Amino acid sequence: MARRVLLDFEKPLVELEEQIEQIRQLARDSEVDVSQQLLQLETLATRRREEIFSSLSPAQKIQVARHPQRPSTLDYIQVITDEWIELHGDRRGNDDRALVGGVGRIGDQAVVLLGHQKGRDMKENVARNFGMASPGGYRKAMRLMEHADRFRLPILSFIDTPGAYAGVKAEEEGQGEAIAVNLREMFRLRVPIIAVVIGEGGSGGALGIGVADRLLMFEHSVYTVASPEACASILWRDAAKAPAAAEALRITAADLLQLGLVDALLKEPSGGNHWAPMQAAETLRAALLGQLAELRAYSESALLDARYAKFRRMGQVLEGAAAADPALAP
């Protein structure tokens, strides 16, 4: 099993992790019964982990959301679906690996699933462009969503990106236009859309697949108009002030739920989803099935009316929040 990557604020756990690993190795190499000692250390580690993760700052939550071992879109899809077929290409000559999608089945419900896909290591991250989709990726997503609309399949969207790719080639190929088209077209789709922020939801890159009837967020995920580093560089010309920017932006799931911009917060296992990915996937599956059951009760016209009303309310909430707190003003 790959060694867990511990974040800076998890340093109190380092010594315990090392002791637990040493005892496990001892158990493998000998016939000594160390189950009692192992249980005590694991219980202590769990308690300390809960203490640490129950009081994370926004800047620390960003570290968790960006954790290299945090479950990705494909990780969740493989667990929550009973069948899954990945579909490729935008039918314009591109197949962006930073944004994946296809058709699948959850229980008795056929669905279209799509989302940003990061890599596990440097090689895979380069191949996936760190989850930053190009125009071809958003056009592929729109093709899949139109397929869902044609065959009346609900859409499940998984958001996990620092933002859309901002390279010269992406701009030449119409990055802004591709995202704008998705924003416009998702409003007219006649099927339920559920979006889940599974890690980092950044800027227009997240919004390009984020117009939804239900928006869910995992407990330690973040959703922001700009990364705290970028915000700090713009406001104070100092990226080191990113923690202060993270506080002001109110980008955590708890903050956004309080503002009324998120419909549900999904609890994470102690230590974050990367500590117990199967448990996280089961939480996600149960939440998606519950939301799908609610949305299937809507007629097409009622679904569209509710979607328009939802985003009008969100606009009013954002205007009110910005008026009350100048730090949130555009």
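**A buried threonine, salt bridges and the overall fold**

In this predicted model, a polar atom of the T224 side chain lies 2.5 Å from the backbone oxygen of A226. T224 belongs to strand β7, which covers residues 222–224. The relative accessible area of T224 is 8%, so T224 is buried, the cut-off for this class being under 20%. Neighbours within four places in sequence can be set aside. T224 is then in contact with G201, G202, S203, L249 and I251.

The overall fold was examined next. The protein contains 14 helices and eight strands. Its radius of gyration is 21 Å, close to the 20 Å that the globule rule gives for 330 residues, so the protein is as compact as a globular protein of that length. The C-alpha trace spans about 65 × 50 × 40 Å along its principal axes. Of the 330 residues, 49% are buried. The protein exposes about 15,800 Å². Carbon and sulfur atoms supply 54% of that area.

Charged pairs came next. Side chains of opposite charge can pair when their charged atoms come close. The count comes to 20 salt bridges. One of them joins E83 and R105, with the closest N and O atoms 3.0 Å apart. This pair links distant parts of the chain. E83 is in strand β1 (residues 83–86), and R105 is in strand β2 (residues 99–106). The two residues are 22 residues apart. E83 has a relative accessible area of 47%, so E83 is partly exposed. R105 is also partly exposed, because its relative accessible area is 30%.

D149 counts as buried because its relative accessibility is 6%. R188, by contrast, is partly exposed, with a relative accessible area of 36%. D149 and R188 also take part in a network of salt bridges. The network links E146, D149, R184, E185, R188 and R190.

K267 and E219 form a further salt bridge, and their closest N and O atoms are 3.4 Å apart. K267 has a relative accessibility of 55%, so K267 counts as exposed. E219 has a relative accessibility of 16%, so E219 counts as buried.

The surface also carries a nonpolar patch. M122, V126 and F130 make this patch, which has an area of about 300 Å². M122 lies in helix α5 (residues 122–128). M122 is exposed because its relative accessible area is 55%. F130 lies in the loop between α5 and α6. At 35% relative accessibility, F130 counts as partly exposed. F130 is not a glycine, yet its phi is positive, at about 60 degrees.

A positive phi is also found at R237, a residue other than glycine, where the value is near 55 degrees. R237 lies in the loop between α10 and α11. Its relative accessible area is 77%, so R237 is exposed. A240 is found in the loop between α10 (228–236) and α11 (242–249). A240 counts as exposed because its relative accessibility is 61%. A240 was also compared with E51. The two are 189 residues apart in sequence. In space, their C-alpha atoms are 27 Å apart.

Terms used. Residues are numbered from 1 along each chain as its sequence is written. This is a predicted model: local features need pLDDT of at least 70, side-chain atom pairs count only at pLDDT 80 or more; totals for chains, interfaces and linings use all residues. Side-chain values use heavy atoms; hydrogens and water are left out. Helices (H or I, at least four residues) and strands (E, at least two) are DSSP runs, numbered from the N terminus. Buried means under 20% relative accessible area, exposed over 50%, partly exposed in between (1.4 Å probe, protein chains only). A polar contact is a pair of N or O atoms within 3.5 Å; within protein, one must be able to donate a hydrogen and the other to accept it, and residues adjacent in sequence count only if both atoms are side-chain atoms. Contact means heavy atoms within 4.5 Å. Patches are made of residues with over 30% relative accessible area and no salt bridge: like charges are joined within 9 Å, nonpolar side chains (Val, Leu, Ile, Met, Phe, Trp, Tyr) within 5 Å. Accessible areas come from the Shrake-Rupley method with a 1.4 Å probe; for residues, only the protein chains shown count as cover. A salt bridge is a side-chain nitrogen of Lys or Arg within 4 Å of a carboxyl oxygen of Asp or Glu. The radius of gyration is taken over C-alpha atoms; the globule rule is 2.2 Å times the number of residues to the power 0.38.
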